[in-house]
Amino acid sequence: MDSEYTNQILIGVDEAGVGAVAGPVYAAACVVVPGDPAMHELDDSKKLSAAQRKKLVRAIEKNSRLYAICSETVAVINTVGPQRAADLAKIAAMRKLLKYWDSMPKLHTSMDVRVVMDGKR
């Protein structure tokens, strides 16, 4: 995670499985705040090794304030294409995350919120 995000609440969104030959596509959205350990390695999942992704999954589950994981089926992929299915999964993950946003403790209320999707602002 770039240092430009150190004074912001960050919502990261990324997908996995778009290039797979078979199976569903998954997307996750998570909320992190400055100071969460291990979050400095967050980046587009395609830029990370399998070991880095595995380490970050554990860190996100342990340290993120809130996260959501959604998927789209093979039937959806076959109907709309893999990239559109990934987009739908990301939208679903964001909606699920925002549904529970109000249950998140009111931390850092004076901070900006930034959404980063696929490693891009």
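This is a predicted model: local features need pLDDT of at least 70, side-chain atom pairs count only at pLDDT 80 or more; totals for chains, interfaces and linings use all residues.

**A look at the core**

Reply: Happy to. To get your bearings, the protein has three helices and four strands, and going along the sequence they come in the order β-β-α-β-α-α-β. Of its 121 residues, 36% are buried.

Now for the inside. The largest nonpolar core is made of 14 residues. Ile-11, Val-13, Ala-29, Val-31, Ala-93, Met-94 and Leu-97 are the ones with the most contacts inside this core. Where do they come from? At least two core residues each are supplied by β1 (8-16), β2 (25-32), β3 (66-72) and α3 (82-99). The helix α3 gives the largest share, with four residues.

Leaving aside residues up to four places away in sequence, Leu-97 touches Ile-11, Ala-29, Cys-30, Val-31, Leu-66, Tyr-67 and Ala-68. There is also another core, apart from the largest one, with five residues; Leu-10, Cys-30, Val-32 and Ile-60 are among them.

Next, have a look at how the strands line up. β1 and β2 run antiparallel and are joined by seven bridges; for example, Asp-14 has Ala-28 in β2 as its bridge partner. β2 also pairs with β3, again in the antiparallel sense and over seven bridges. There, Ala-29 has Ala-68 in β3 as its bridge partner. So β2 pairs with both β1 and β3, and β2 is mostly covered, with six of its eight residues buried.

Contacts across the chain are worth a glance too. Take the contacts between residues at least 6 apart in sequence: 69% of them join residues at least 24 apart.

Is Tyr-67 buried, exposed or partly exposed? Its relative accessibility is 39%, so Tyr-67 counts as partly exposed; the buried class is for values under 20%, and the exposed one for values over 50%. Together with Tyr-26 and Ile-69, Tyr-67 forms a nonpolar patch on the surface, and the three have about 310 Å² of accessible area together.

Technical notes: Residues are numbered from 1 along each chain as its sequence is written. Side-chain values use heavy atoms; hydrogens and water are left out. A nonpolar core is a set of buried Ala, Val, Leu, Ile, Met, Phe, Trp, Tyr and Cys residues joined through side-chain atoms within 4.5 Å. Buried means under 20% relative accessible area, exposed over 50%, partly exposed in between (1.4 Å probe, protein chains only). Contact means heavy atoms within 4.5 Å. Two strands pair if DSSP finds at least two bridges between them. Patches are made of residues with over 30% relative accessible area and no salt bridge: like charges are joined within 9 Å, nonpolar side chains (Val, Leu, Ile, Met, Phe, Trp, Tyr) within 5 Å. Accessible areas come from the Shrake-Rupley method with a 1.4 Å probe; for residues, only the protein chains shown count as cover. A salt bridge is a side-chain nitrogen of Lys or Arg within 4 Å of a carboxyl oxygen of Asp or Glu.
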